[in-house]
Amino acid sequence: VTSNVVLSLGMVGALSIIRFRTAIKEPVEIVFLFWSLAVGIVVGAGLLPLAVIGSALIGVILLLFANRKVRNDPYILVLNCTDETEHAALDVLKKDTEHAIVKSKTITTAGIELTAELRGKNASTDFVNTIAHLPGVGSATLVSYNGEYLS
């Protein structure tokens, strides 16, 4: 195994049943994990120049992409409004956010409670003020949301 990279990769495949105690949540963590596995295999196979060149190349790529933000942070908007105001609020969301989708809608005799997941066009949350000042809006609550729940 020490002189053949293909057999080393086969050994890693055979040992891939290892369970990690914590869930890997970030893509960068997975990159570092596989990077360290690859470097360990290549060094174990005695190909030190390949490990150094590969590490330098992957390091440069990670530096280029490390601070690049791909998407805006998601938010949850909880809106209490009347039936007439719902369409106006959704129009404001379509105009002032990058992406908005209604997750739930509850209709009672007191009005409508609308929950929407959205991503802003920029870091500004001024659209909530616009929605809150619409006639018929009882309350508008914006909550930062990252998709994780505490257990």
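Helix α2 (residues 27-44) and helix α3 pack against each other at an angle of about 165 degrees, and their axes lie 8 Å apart. This angle makes α2 roughly antiparallel to α3, a description used for angles over 145 degrees, whereas angles under 35 degrees count as roughly parallel, 65 to 115 as roughly perpendicular and the rest as oblique. The axes are lines fitted to C-alpha atoms, for helices over the stretch in contact, and the angles run from 0 to 180 degrees between N-to-C directions.

The model is predicted: local features need pLDDT of at least 70, side-chain atom pairs count only at pLDDT 80 or more, and totals for chains, interfaces and linings use all residues. Residues are numbered from 1 along each chain as its sequence is written, and side-chain values use heavy atoms, with hydrogens and water left out.

**Overall arrangement**

The chain contains five helices and four strands. Along the sequence these elements follow the pattern α-α-α-β-α-β-β-α-β. Helices (H or I, at least four residues) and strands (E, at least two) are DSSP runs, numbered from the N terminus. Of the 151 residues in the chain, 21% are buried. Here buried means under 20% relative accessible area, exposed means over 50%, and partly exposed lies in between (1.4 Å probe, protein chains only).

**The helical part**

V28 belongs to helix α2 and is partly exposed, with a relative accessibility of 44%. The C-alpha atoms of V28 and L62 are separated by 8.5 Å, although the two residues stand 34 positions apart along the chain.

Helix α3 comprises residues 48-65 and includes L57. With a relative accessible area of 54%, L57 is exposed.

**Salt bridges**

Side chains of opposite charge can pair when their charged atoms come close. A salt bridge is counted where a side-chain nitrogen of Lys or Arg lies within 4 Å of a carboxyl oxygen of Asp or Glu. By this rule there are three salt bridges, listed below.

| Salt bridge | N to O distance |
|---|---|
| E86 and K105 | 2.9 Å |
| K103 and E117 | 3.4 Å |
| K95 and D96 | 3.9 Å |

E86 forms its salt bridge with K105. This pair links distant parts of the chain, since E86 is in helix α4 (residues 83-96) and K105 is in strand β2 (residues 97-108), 19 residues apart. E86 is buried, at 5% relative accessible area, whereas K105 is partly exposed at 43%.

K103 forms a salt bridge with E117. K103 lies in strand β2 and E117 in strand β3 (residues 111-120), so this pair ties together parts that are 14 residues apart in sequence. K103 is exposed at 51% relative accessibility, and E117 is buried at 18%.

The side chains of K95 and D96 also meet in a salt bridge. K95 is exposed, with a relative accessible area of 55%, while D96 is partly exposed at 27%.

N80 is found in strand β1, which covers residues 74-81. Its relative accessibility of 28% makes N80 partly exposed. N80 and V137 are 57 residues apart in sequence, yet their C-alpha atoms are 6.0 Å apart in space.
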